[in-house]
Amino acid sequence: MHRAAFLSIVVALGAAAAGGAAACSSTSSGSGNNQGGGDDGGGGEAGAAMFTPALPCTDSIDSIYADPGDVSGLAKGAIIKCAHDSDLSAADLLAQAANGPDGGLPAYAGKPFTSGAHVYRLLYRTERGDANSSPGYSSALALIPDTPRSGPSTPLPLVVAAHGSRGQAGRCAPSRNDLAASDVEPDFQHLVNPVVGFGFPVIAPDLAGYANYGSANNPPSAYDNVQDVGKSNLDGARALRQLIPSGVTQQVVLIGHSQGGYTALDTLAESNDYPIDGTIAAVAVYTPLWFSQRAWGAVLLEPQNYSFDQSSAGTVSLWYHYTNGELLDGPGHGLDLIQPSKAAVVKAFVDNDCWSTAYPDLLDAGSSANDFFLPSYVSTISKAATPLGNGDCKGDATCQKWIDRMTSGWPHITGDAAKVPILVWYANDDVTITPDGMQCAFNRLSADGTNYQHCYDPNPVGHAGPPAVDNNYVVDWIAHETLGEPAPQENCQQLALNDAGVPQLVDDAGKPIPCNSLLPQQ
């Protein structure tokens, strides 16, 4: 829930600018109850065999996160391990959404849920985003409604839920629900619980790199890497289809919040090149981090404005550079851009820290990300990453490599992907993805000609608000787009369009807020 600003980092910069068969092993028994438990409570069990897993799912919880061995011979999406986690009633799901680990503020606001959930943890085969498209695997939560939305005998669209920023360490994975990530766990519950709570089957991939974290040939999940996160999501849809093959249609719905909004839109873009088992029928995103990844270089231009105790941007920049270096350049190369005297601190931070309000280990070694990166890299990337430098690295090969990566990390949504219905929610008083950053997202979605609509919550609910208080509209919109149900009746306020036909955010005086001038439009 506590997310310091991403884009305030750039606001201040403006002043300076003036499918195959499943392979599930069921050799061990045992289950965990990481999510909490309760009776089934949602009813509707009779005749629901089509929503019963086609696999025994008797693997242990621990096996989901252990070394699966060589997975190269398995088909993409093949389930390697399946463990039963817990059975949650509709009341259990609602209690989670209303009372998160930090008080759940803003708490869930909406109708009572109509379904409980049978919760499973999966490990499935996927592909990594490196140049070799190396074989990989991702853990995930699968939540199967005990009262399916259209009844126990009617298959439903499957929903793939993309989590927001949580940290890149293994214990930060959403499926683990580790207390280390308690600051952002309510965000995840607000994203996922209403969807299954109103009767849709959901898979929430951790993403490749979280399970069996730190082992050989298993680099960490690369932050905002198009191919790495997109493939994990698309193969997650395959895995859920194998888990309940009779319970799902060919329709796939993508949802996400914050960084997860990026992941959902990125997955849509990636679907043009990476085959999906089914058809993406709809995408719903809350406050998506849909702006240029060059931001993680631009933050280095003015460290006095983006210290660790002021902004999350510096920590994200460290996560971004380290994890993409490990994936794309090879083991150990995540530290290539880090000062040798700070390398151990950065590695320990990535390997252990989840999203938090403070990072004492970093603060003990420096006040901003600039205190950790090589000065030679800072001097070239910090300007080149902004429109001030316009991507010009002055012949520096390292800078150019990273500019190219950052540029490719904000893909255009084109072709068939641009035709898919997209719903975007944004709210007043968001100090994490500030209005000038969100205006960049609106501009880009419009420039790409995507089939999107937007809703604006004028209440000051901030970054965490839309998935907590506007989720009923989103679930009903998904049902409308995929099942032909009536259009949502909940409120959806739309922004006025500017002369270019783009939704326009305005300040308190009614003056249009432009896309941040330090974020490249690419």
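Reader: How far does the backbone oxygen of Trp-290 lie from a polar atom of the side chain of Trp-410?

Author: This is a predicted model, in which local features need pLDDT of at least 70 and side-chain atom pairs count only at pLDDT 80 or more, while totals for chains, interfaces and linings use all residues. Residues are numbered from 1 along each chain as its sequence is written, and side-chain values use heavy atoms, with hydrogens and water left out. A polar contact is a pair of N or O atoms within 3.5 Å; within protein, one must be able to donate a hydrogen and the other to accept it, and residues adjacent in sequence count only if both atoms are side-chain atoms. Between the backbone oxygen of Trp-290 and a polar atom of the Trp-410 side chain, the distance is 3.5 Å.

Reader: Does Trp-410 count as buried or exposed?

Author: Trp-410 sits in the loop between helix 13 (397–408) and strand 8 (422–427); helices (H or I, at least four residues) and strands (E, at least two) are DSSP runs, numbered from the N terminus. Buried means under 20% relative accessible area, exposed over 50%, and partly exposed in between, for a 1.4 Å probe and protein chains only. The relative accessibility of Trp-410 is 1%, so this residue counts as buried.

Reader: What separation do the C-alpha atoms of Trp-410 and Tyr-262 have?

Author: Contact means heavy atoms within 4.5 Å. Leaving aside residues up to four places away in sequence, Trp-410 touches, among others, Trp-290, Phe-291, Cys-440, Arg-444 and Pro-520. Tyr-262 is 148 residues from Trp-410 along the chain, and the C-alpha separation of the two is 8.8 Å.

Reader: Asp-228 lies in helix 6; how far is its side chain from the backbone nitrogen of Ala-222?

Author: Asp-228, in helix 6 (residues 226–243), is buried because its relative accessible area is 1%. Its contacts, not counting residues up to four places away in sequence, include Arg-128, Ala-208, Pro-220 and Leu-327. A polar atom of its side chain is 3.0 Å from the backbone nitrogen of Gly-129. For the backbone nitrogen of Ala-222, the side chain of Asp-228 reaches it at 3.1 Å.

Reader: Which residues are closest to the centre of the largest pocket?

Author: On a 1 Å grid over the protein atoms alone, a cavity is a set of points where a 1.4 Å probe fits but cannot get out; a pocket is an open set with protein on both sides within 12 Å along at least five of seven lines, and lining residues have an atom within 4 Å of a point. Grid points are joined across faces, edges and corners, and a volume is the space filled by probe spheres set on the points. The largest pocket holds about 340 Å³ of space. Among its 20 lining residues, those closest to the centre are Asn-218, Pro-219, Pro-220, Glu-326 and Pro-331.

Reader: Which element gives the most to the lining of the largest pocket?

Author: Ala, Val, Leu, Ile, Met, Phe, Trp, Tyr, Cys and Pro count as nonpolar, Asp, Glu, Lys and Arg as charged, and the others, Gly among them, as polar. On that basis the lining divides into eight nonpolar, seven polar and five charged residues. Two or more residues come from each of helix 9 (313–329) and helix 10 (343–352). With three residues, the element that gives the most is helix 9.

Reader: What volume does the second largest pocket have?

Author: Its lining splits into eight nonpolar, three polar and four charged residues. The volume of the second largest pocket is about 240 Å³.

Reader: How many disulfides does the structure hold?

Author: A disulfide is a pair of cysteine sulfur atoms within 2.5 Å. With the bonded cysteines numbered in sequence order, the pairing runs 1-2, 3-4, 5-6, 7-10, 8-9. The number of disulfides is five.

Reader: Is the disulfide of Cys-57 and Cys-82 right-handed or left-handed?

Author: The sulfur atoms of Cys-57 and Cys-82 are 2.0 Å apart, and both residues are buried. The torsion about their S-S bond is about 80°, so the disulfide is right-handed.

Reader: What is the torsion about the S-S bond of Cys-172 and Cys-354?

Author: The sulfur atoms of Cys-172 and Cys-354 lie 2.1 Å apart. Both cysteines are buried. The disulfide is left-handed because the torsion is about -100°.
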